[in-house]
Amino acid sequence: MAEPVVHQGSVGPVTRLAPYRAVLAARVRAQRSYRSNFLIDLGSSLLVGFVELAEVWILFHNVHVLGGFTFVQILLVFGIADFSFALADLFFGHCDNLPTYLRAGTLDVFYLRPQPVLMQLITSEISLRRLSRAGLGVGSIVIALALNDIDWSAARVALLVLALVSATATFAALFVWAAGLQFFLVSGAELTNAFVYGGRYAATQPAAVWSRPIKVVFGFLFPMAFTAYLPALELLGLPGPQWLPAGLAWCTPLAALWSWGMALGTWRVGMRHYQGGGG
Amino acid sequence: MNPIIETRGLTREFTVRAGLRRTRLRAVDALTFTVEAGEAVGYIGANGAGKSTTIKMLTGILVPTAGDVLTCGLRPVQDRRRLARHVGVVFGQRSQLWWDLPVGESFGILAAIHRLDRAAARARTDELVDRLEMGAYLSTPVRQLSLGQRMRAEIAAALLHSPRLVILDEPTIGLDVLSKQRLREFLIEERTAHGTTLLLTTHDMGDVARLCDRVLVIDHGKLAYDGTLDGLSRRVGVERVLVVDLTAPTPDLLDIPGTTHLGSEAGGLQQRLAFDAEHTTAAQVLTAVNQRVEVRDLSVEEPDIEDVVRRVYAGSRR
């Protein structure tokens, strides 16, 4: 029998990633081939971003200071949160397609391919229209950094980079966590969206004004306060509320790790439930 | 040589919730069978008999509740990713292609997914495109294909990595006669050329008759029959039906040897004769009819698979 020629044994990262790259490259081509559609998507995504920013601006038109933040200060929080969420959404947002796959039975196709199911789900799509949203986030960050009086140091530059990476990872984990729960919930996207998009919204707000239950849920369980608020406090040289001192800004990678632990745990249990192996 | 599929006491239960009551439903019940390399096996049973559940356990999608299963010598759940290199699955009802991409591009992605060597991928793709006659629509997006074209593309997609075992779940469902015929011919060629093992579930007796040299019948998760198709027909006494269109209205043909007259239409212009393939042949029946009256046209109706299955079930429960 003619055996297929397959790369065997220990393969380098380039070969190992080739399957995912092939799918993603094809997804990019497919999205770009409907050019006008793609441009409309980019535009509408940007518009939604502006509306959310306007919401914050209108709020500050009336109160001037909220949770100890002025508008240009909150712009930094908004920018960091919006940019990292857009990046996470770009690469992980389509994990919320899982209920569709479950209903249509197409998730089984992933089981028939020689890659981990979660990796296949994550790389099954890439939502390029989120790029405009990420652009808005970058714009907000740049303007906020210019308008605020920041005492720059090497440590603060490092903190900003660390915060952006960790925040993206934290939001990405939120998408994976939500996907893992879909294995149990019949139409659970509404429930998990409350946490995913509620979390995103909370992340753009100063955590000092949160009510107690929100502090528990989005301060620590889903560590949204660590994504943008805490790094902004530290960058602006503000002390932060008593329950969330600015020094915790350096713990953003820990928040990301905690989120991923929760996400992968939920995913594992979900997969086991789907396969019926108990758990 | 080691068997391709080996199950022992394979069992799968589901919890079914009806209101507040929870009941355990046994979808697959202590299934024990072996499929040797190179065999072509028809896996048939009524809807809900446990066919899909079995396939999911063979491929590592579902974890068995009890029992053992080895596919290509591997444990499907634990070795799922290694097993994927040796098994190709075609689901008649769900696609593994990318609906908005051209067919050819889907093959390119799948070659990368299975990490096929570039030259090997090209050779295999060319072979499949040629034999499944897909050249004309390689650059057409999948969503624009006809059902027949899409099924051919699905089969090529499942066979691209030259799997040792190909599992086909209702591969000919909804296809017209010609497309069915083409698909069957292709699968026979593929088997001859590469020694591929086939396991197929189907509602089409024609698929079983032309493709399979062995039949497994499953009833309520239990194996009700394991043997040849002829043996199955013998056991349940399945009769084929010869439908003859006659040139002149004729009284009911009640005394053709080895047949039972089922009915006449259009004043005796069309008559239906059931015969048992064990005792006579379609040709003998036709000759006997032709001596009486000239036959203008004819067709042979295959036994209905649902009917065969029902009879096996009735027999095994007696």
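Which residue stands opposite Val241(B) in E12(B)? Keep that question in mind, everyone, and we'll get there together. One thing before we start: what you see above is a predicted model. Its scores are ipTM 0.83 and pTM 0.85. For chain B, the mean pLDDT is 88, and 98% of its residues reach 70 or more.

Let's go to the sheet that holds our residue. Four strands of chain B form an open sheet in the order E11-E12-E10-E13, and the pairing is antiparallel. Strands E11 (259–265) and E13 (295–301) of chain B are at the edges with a single partner strand each, so one side of each has no neighbour in the sheet. From one strand to the next, the twist averages 20°.

Now look at E10, residues 240–246 of chain B, and E12, residues 270–275 of chain B: this antiparallel pair is joined over six bridges. And here is our answer: opposite Val241(B) stands Ala274(B). There is a helix here too. H9, residues 282–292 of chain B, packs on the sheet and touches E10, E11, E12 and E13 of chain B. The direction of H9 makes about 150° with that of E13(B).

Chain B has another sheet to show you. This open sheet has six strands, ordered E5-E6-E7-E3-E8-E9 in chain B, and its pairing is mixed. At its edges are E5 (87–91) and E9 (222–227) of chain B, each pairing on one side only. Here the twist averages 15° from one strand to the next.

Which way do E3 and E7 of chain B pair, parallel or antiparallel? Strand E3, residues 40–44, and strand E7, residues 197–201, pair in the parallel sense, over three bridges. Within that pair, Val41(B) has Leu199(B) in E7(B) as its bridge partner. Helix H1 of chain B, residues 51–58, lies across E3, E6 (165–169), E7 and E8 (214–219) of chain B. H1 runs at about 150° to E6(B).

Let's move over to chain A. How many helices and strands does chain A have? The count is twelve helices and zero strands. Why does the 20 Å radius of gyration of chain A agree with a compact globule? Because a compact globule with 279 residues would have a radius near 19 Å. Along the principal axes, the C-alpha atoms of chain A fill a box of roughly 75 × 45 × 40 Å. Of the 279 residues in this chain, 38% count as buried. Finally, take the contacts in chain A between residues at least 6 apart in sequence: 77% of them join residues at least 24 apart.

How values were computed:
Residues numbered from 1 in each chain as written. Chains lettered and ligands numbered in written order. Predicted model: local features only at pLDDT ≥ 70, side-chain atom pairs only at ≥ 80, totals over all residues. Pairing = 2+ DSSP bridges. Helix = DSSP H or I, 4+ residues; strand = E, 2+ residues; numbered from the N terminus. Axes fitted to C-alpha atoms, helices over the stretch in contact; angles between N-to-C directions. Contact = placed C-beta atoms within 7 Å. Rg over C-alpha atoms; globule rule 2.2 N^0.38 Å. Buried ≥ 20, exposed ≤ 12 C-beta atoms within 10 Å, placed from the backbone. pLDDT = per-residue confidence, 0-100.
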